[in-house]
Amino acid sequence: MEVESPPQRAPVLWQWGKFQGPHLLPKALCSTTSLPIAEIGVGITGFGIFFILFGTLLYFDSVLLAFGNLLFLTGLSFIIGLRKTFQFFFQRHKLKGTSFFLGGVVVVLLRWPLLGMFLETYGFFSLFKGFFPVAFGFLGNVCNIPFLGALFRRLQGTSSMV
């Protein structure tokens with residue numbers, strides 16, 4: 001009689017949080033921030049933006065704006081990681097924008113919401129001015145997406161008010 005050998009096991013790719021095998025996983029899983037934490041960060045950032053917009057609609061309600069600011073900054077640090085967040089905000093050429101943005105957050109927390117939001121807005125545009133061309137380029141290519149392109153063409157034909 002033949003003796004059966006035990007079944008072969010698949011190689012262990014993860015052991016105690018460290019990648020052990022060859023590069024079989026997508027690059028998103030091999031980054032410094034794990035994927036579930038980044039997904040949570042996107043949700044937290046979305047809630048932060050919602051509270052900021054809601055606080056603005058309610059005549060600059062300082063509590064909602066402060067809560068939205070804290071959620072936005074927390075979500076951003078969850079998405080890209082704490083170290084990269086500090087590296088982003090505290091680069092030498094971005095210190096002016098960082099000081100206005102974080103100063104605006106502090107002013108909102110001190111219950112001066114209108115002044116704080118003006119400072120934050122200036123700091124936001126100063127910090128993220130490098131991302132705007134990418135965002136506008138994406139918005140320019142939205143018409144090339146099959147469903148949205150057809151929707152925009154249909155809406156464009158019905159814009160007559162007569």
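For "transmembrane region", an unreviewed UniProt entry lists residues 37-60, 66-86, 98-119 and 131-152. These positions follow the numbering used here, feature names are shortened, and such annotations may be inferred rather than shown by experiment. The model is predicted: local features need pLDDT of at least 70, side-chain atom pairs count only at pLDDT 80 or more, and totals for chains, interfaces and linings use all residues. Residues are numbered from 1 along each chain as its sequence is written, and side-chain values use heavy atoms, with hydrogens and water left out.

Two of the listed segments were examined. Residues 37-60 are 88% helix and 0% strand, with end C-alpha atoms 31 Å apart. Residues 66-86 are 95% helix and 0% strand, and their end C-alpha atoms lie 20 Å apart. Helices (H or I, at least four residues) and strands (E, at least two) are DSSP runs, numbered from the N terminus.

Two packed helices are described by the angle between their axes and the distance between the axes. Helix α2 (residues 62-80) packs with helix α4 (residues 95-109) at an angle of about 140°, and the axes are 9 Å apart. Axes are lines fitted to C-alpha atoms over the stretch in contact, and angles run from 0 to 180 degrees between N-to-C directions. From α2, S62, L65, A66, N69, F72 and L73 make the contact (heavy atoms within 4.5 Å). From α4 come F101, L102, V105, V108 and L109. The contact residues comprise nine nonpolar, two polar and no charged. Ala, Val, Leu, Ile, Met, Phe, Trp, Tyr, Cys and Pro count as nonpolar, Asp, Glu, Lys and Arg as charged, and the others, Gly among them, as polar.

After α4 comes R111, with a positive phi near 70°.

S62 is in helix α2 and counts as buried, at 12% relative accessibility. Beyond its neighbours within four places in sequence, S62 contacts V108, R111 and P113. L64 also belongs to helix α2. L64 is buried, at a relative accessible area of 16%. Not counting residues up to four places away in sequence, L64 touches F51, F54, G55 and L58. The C-alpha atoms of L64 and L53 are separated by 8.9 Å, eleven residues apart along the chain.

Note on methods. Buried means under 20% relative accessible area, exposed over 50%, partly exposed in between (1.4 Å probe, protein chains only).
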